[in-house]
Amino acid sequence: MNSIVETAIPETEPDEGLFGPEALRAAREMGAPKPENRELVSAALRLLARRDMSRKEFIIKLSRGDFSADEIESVTAWCAAEGFLNEARYAESKARVLGNRYGARRVGATLKQKGVTADLVETAVIALKETDFNRAREMWLRKFGEPAADQNSRNKQVRYLQSRGFGFDVIKRVIKGEVSEE
């Protein structure tokens, strides 16, 4: 435990998900050992130092190197056990960033595409679903500013909000000009 990485990164427990406190403790107790391949460990820590990523993305990026599947699996298990690779944290932060530009449906689809499990996607998207109307209205006001004058304009507004990942029930209310989510 004398390495720079281990002393620089405090041991914090993730809040929830597959890599929550119980799963992390269990992985540490099972003894997910630090892999012997120093080059692999360095590559893994370099990747995770840049940004959080899903387990799937992490494995894909490591597989571009000259590492065996067993080595990649062992470093993935070690990084998860140490809390460096945390899909719950990744899903939450990615949902927050994407939520500024997209609706809950699109954020959920993007997270699933990145390889995040369905239960973590649902957890990350719950808060976005609650604010879908306000975010859709804000985007609509920025882009259009007023209700459509004719059917073609209305269709254009609907397509725009649908492409952003908002549900039709939210879109109908926004385009009608509702002011609040009551």
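A polar contact is a pair of N or O atoms within 3.5 Å, where within protein one atom must be able to donate a hydrogen and the other to accept it, and where residues adjacent in sequence count only if both atoms are side-chain atoms. The model is predicted, with local features needing pLDDT of at least 70 and side-chain atom pairs counting only at pLDDT 80 or more, while totals for chains, interfaces and linings use all residues. Residues are numbered from 1 along each chain as its sequence is written, and side-chain values use heavy atoms, with hydrogens and water left out.

**Exercise 1. Describe the surroundings of S54, and state which backbone oxygen its side chain reaches.**

Solution. Begin with position: S54 is found in the loop between α3 and α4, where helices are DSSP runs (H or I, at least four residues) numbered from the N terminus. Next, take accessibility: S54 counts as buried because its relative accessibility is 0%, buried meaning under 20% relative accessible area, exposed over 50% and partly exposed in between, with a 1.4 Å probe and protein chains only. Finally, leaving aside residues up to four places away in sequence, S54 touches L85, E87, Y90, K114 and V116, a contact being heavy atoms within 4.5 Å.

**Exercise 2. Classify the two aromatic pairs found in the whole structure.**

Solution. Apply the criteria: rings of Phe, Tyr and Trp (its six-membered ring) pair if their centres lie within 6.5 Å, and planes under 30 degrees apart count as stacked, over 60 as edge-to-face and the rest as tilted. The W78 and F84 rings have centres 5.6 Å apart and planes at 70 degrees, so this pair is edge-to-face, and both W78 and F84 are buried. For F144 and Y160 the centres are 5.6 Å apart and the planes at 85 degrees, so this pair is also edge-to-face. Because F144 lies in the loop between α9 (132-143) and α10 (151-163) and Y160 in helix α10, the pair ties together parts that are 16 residues apart in sequence.

Terms used
Helices (H or I, at least four residues) and strands (E, at least two) are DSSP runs, numbered from the N terminus.
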